[in-house]
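Thanks for coming. I will go through one structure today, part by part, and you can follow along on the screen.

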Amino acid sequence: MASDVAKPVLCAEALSKRFGGVVASDRIDFSLRRGEMRCVIGPNGAGKSTFFGLLCGILRPDAGRVFLKGRDVTHLPAFRRVRMGLGLTFQTNRTFHALTVAENLETARRASARDAADDAHFRAAYAAFDLAGSARLLARELPHHQLQWLEICMALRRGPDVLLLDEPTAGMSPGETMFTADVLKMLSRDGLALIVVEHDVAFVRKVAETVTVLHQGAVFAEGPVEAVTQREDVRQIYLGRVREKAG
Ligand SMILES: Nc1ncnc2c1ncn2[C@@H]1O[C@H](COP(=O)(O)OP(=O)(O)OP(=O)(O)O)[C@@H](O)[C@H]1O
Ligand SMILES: [Mg+2]
């Protein structure tokens with residue numbers, strides 16, 4: 001339905017979270033369309049991981065609400081949100097190192113309570129990352145960047161409607177980073193909604209149309225990636241201190 005396309009697949013309303021005296025999320029309003037690719041950036045301690053945790057259900061907000069595909073999921077734990085169609089990859093790799101690539105993917109498929117009939121995004125990423133040639137290798141035998149790619153494929157194996165990635169290119173070379181950007185962009189063009197928490201500005205410029213900048217727990221800026229990343233105040237709070245990769 002055309003009206004479904006216009007509806008946000010994931011949104012937050014006035015999402016707030018404190019840790020003692022620290023306001024880690026400050027009334028964040030956020031909305032992601034189907035098929036949209038959004039990057040969330042911000043300096044260290046800006047509240048990115050807190051926001052990620054609130055969206056996926058690892059953290060509970062003090063106030064505000066989270067909606068997934070129009071349903072209020074504020075009080076649902078992460079595993080229920082995953083079953084509803086939220087795909088997650090974490091900053092620390094969570095693949096099973098003692099299992100093969102194929103076994104890792106099978107584990108992901110079986111863990112899904114969803115009917116993963118629509119595995120087009122998975123198949124596209126699996127082919128692009130060229131993991132078939134490594135299917136029988138143990139995950140621990142993979143180089144770092146392929147482990148990251150495996151984790152992305154595992155999340156896609158469950159057939160998510162929206163994929164939430166926390167620094168998916170951490171530790172990758174510039175070439176691997178740009179290639180990962182190409183693949184995520186392809187998934188977005190194919191209709192998958194993605195949110196990427198990311199430090200790498202070259203990556204952000206390459207993949208995102210819209211970027212959300214967090215600062216001191218609040219949305220500091222949001223808009224077209226070129227315009228926002230060139231703003232002097234954004235550069236002051238973020239770009240001056242960003243860990244850009246060499247090369
Ligand atoms: N579990 C916690 N207990 C206490 N304070 C916390 C906790 N988690 C986060 N904070 C604080 O909340 C603020 C936001 O932290 P958060 O980890 O969300 O930032 P971030 O943008 O992800 O930073 P980084 O770029 O360093 O990963 C920081 O001041 C942090 O110290
Ligand atoms: Mg963080």
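**A walk through the model**

Let me begin with Ala 14, which sits in strand S1. Keep in mind that this is a predicted model. Ala 14 has a positive phi of about 45 degrees, although it is not a glycine.

Asp 130 is not a glycine either, and its phi is positive at about 55 degrees. You will find Asp 130 in the loop between helix H5 (120–128) and H6. Asp 130 has 10 C-beta neighbours inside 10 Å, so it counts as exposed.

Back to strand S1, residues 8–19, and its pairing. S1 runs antiparallel to S2, and eight bridges join the two. One residue pair to look for is Leu 10 with its bridge partner in S2, Leu 32. S1 and S2 belong to an open sheet of four strands, ordered S2-S1-S4-S5, with antiparallel pairing. At the edges of this sheet are S2 and strand S5 (71–72), each of which pairs on one side only.

Next, the ligand. Which residues are around ligand 1? They are Phe 19, Val 22, Ala 24, Gly 42, Asn 44, Gly 45, Ala 46, Gly 47, Lys 48, Ser 49 and Thr 50. Two elements give two or more residues to this shell: strand S2 (22–33) and helix H2 (48–56). The largest share, three residues, comes from H2. By type, the shell around ligand 1 divides into four nonpolar residues, six polar and one charged.

Now to strand S7, residues 162–166. Why do we call S7 largely enclosed by the rest of the structure? Because five of its five residues are buried. Val 162, Leu 164 and Asp 166 point one way from the strand, while Leu 163 and Leu 165 point the other way, and all are buried.

S7 has parallel partners. Strand S6, residues 86–89, runs parallel to S7 and is joined to it by four bridges. In that pairing, Leu 88 stands opposite Leu 164 of S7. Strand S8, residues 193–197, also runs parallel to S7, with five bridges between them. Here Leu 165 has Val 196 in S8 as its bridge partner. To get from S7 to S8, the chain passes through helix H7 (residues 174–189), and this β-α-β crossover is right-handed.

That leaves the interior. In soluble globular proteins, nonpolar side chains tend to be buried together. In this model, the largest nonpolar core has 65 residues. Which residues have the most contacts inside it? They are Leu 55, Cys 153, Leu 164, Leu 194 and Val 207. Helix H6, residues 144–157, gives this core its largest share, seven residues.

Take Leu 55 as a case. Not counting residues up to four places away in sequence, Leu 55 touches Leu 10, Ala 12, Val 66 and Leu 164. Two of these names have come up already: Leu 10 is the bridge partner of Leu 32 in S2, and Leu 164 stands opposite Leu 88.

Key:
Residues are numbered from 1 along each chain as its sequence is written. Chains are lettered from A and ligands numbered from 1 in the order in which they are written. This is a predicted model: local features need pLDDT of at least 70, side-chain atom pairs count only at pLDDT 80 or more; totals for chains, interfaces and linings use all residues. A residue is near a molecule or strand if its C-beta atom, placed from the backbone, lies within 6 Å of it. Ala, Val, Leu, Ile, Met, Phe, Trp, Tyr, Cys and Pro count as nonpolar, Asp, Glu, Lys and Arg as charged, and the others, Gly among them, as polar. Two strands pair if DSSP finds at least two bridges between them. A residue is buried if 20 or more other C-beta atoms lie within 10 Å of its own, exposed if 12 or fewer, and partly exposed in between; C-beta atoms are placed from the backbone. A crossover is right-handed if, with the strands pointing away from the viewer, the path from the first strand over the helix to the second runs clockwise. A nonpolar core is a set of buried Ala, Val, Leu, Ile, Met, Phe, Trp, Tyr and Cys residues joined through C-beta atoms within 7 Å. Two residues are in contact if their C-beta atoms, placed from the backbone, lie within 7 Å.
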